[in-house]
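Hi,

Here's the structure I promised to send over.

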Amino acid sequence: LDQAQLGPLVHDADYQVRTIVAQRLPLALLPLMATDTDEQVRRVVAERLPMPTLWRLASDAAPSVRGIVAQRVPLPVLGQLAADAHWGVRWHVAGRAALHDQAALLHTLARDPDAEVSRRALERLADHVPPLHEVLRHG
């Protein structure tokens with residue numbers, strides 16, 4: 001399909017058609033599909049949208065869409081998703097937070113009420129802690 005044929009299909013009744021359109025639509029037109037009624041379509045859109053337009057999907061109703069946003073946004077804005085209501089979004093944040101610049105964020109997520117989020121943040125923090133023998137040698 002060429003671009004002229006894709007345009008009318010943005011509003012097709014079949015979500016599978018709209019999903020294919022979202023995969024092929026030029027980036028300049030992709031924001032038109034960011035509010036599609038189907039979660040699968042919005043997930044494809046979230047996988048392709050560049051910043052800053054991608055940030056619009058950070059408040060999407062579907063946790064899977066917000067999770068994709070958490071996987072793709074630049075690190076400086078990642079912390080804004082750390083308080084998301086869904087544990088899966090916070091889990092993605094814990095997996096991407098920068099160890100040096102966002103250690104405080106990881107410490108907060110290490111105290112998350114969800115065990116998976118807490119565990120992921122603690123694992124990331126453990127990666128940052130030097131082995132005890134190095135601490136004692138330099139300390």
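In what order do the elements of the protein run from the N terminus on? They go α-α-α-α-α-α-α-α-α, and the secondary structure comes to 9 helices and 0 strands. Keep in mind as you read that this is a predicted model.

On overall shape, the radius of gyration is 19 Å, well over the 14 Å that the globule rule gives for 139 residues, so the protein is more spread out than a compact globule. You can see that in the C-alpha trace too, which spans about 65 × 25 × 20 Å along its principal axes. Of the 139 residues, 39% count as buried. The accessible surface comes to about 8,100 Å², with 56% of that belonging to carbon and sulfur atoms.

The axes of α2 (residues 15-24) and α3 (residues 39-48) come within 9 Å and cross at roughly 5°. An angle under 35 degrees counts as roughly parallel, and α2 and α3 are therefore roughly parallel to each other. On the α2 side the contact is made by Y15, R18, T19, A22, Q23 and R24, and α3 brings Q40, V41, V44, V45 and R48. Sorted by class, that contact has 5 nonpolar, 3 polar and 3 charged residues.

Further along, take a look at α6 (residues 87-96): its buried residues are G88, V89, R90, V93 and A94. What covers them includes α4 (63-72), α5 (75-78), α7 (103-110) and α8 (115-128).

Cheers

Terms used: Residues are numbered from 1 along each chain as its sequence is written. This is a predicted model: local features need pLDDT of at least 70, side-chain atom pairs count only at pLDDT 80 or more; totals for chains, interfaces and linings use all residues. Side-chain values use heavy atoms; hydrogens and water are left out. Axes are lines fitted to C-alpha atoms, for helices over the stretch in contact, and angles run from 0 to 180 degrees between N-to-C directions. Helices (H or I, at least four residues) and strands (E, at least two) are DSSP runs, numbered from the N terminus. Angles under 35 degrees count as roughly parallel, over 145 as roughly antiparallel, 65 to 115 as roughly perpendicular and the rest as oblique. Contact means heavy atoms within 4.5 Å. Ala, Val, Leu, Ile, Met, Phe, Trp, Tyr, Cys and Pro count as nonpolar, Asp, Glu, Lys and Arg as charged, and the others, Gly among them, as polar. Buried means under 20% relative accessible area, exposed over 50%, partly exposed in between (1.4 Å probe, protein chains only). The radius of gyration is taken over C-alpha atoms; the globule rule is 2.2 Å times the number of residues to the power 0.38. Accessible areas come from the Shrake-Rupley method with a 1.4 Å probe; for residues, only the protein chains shown count as cover.
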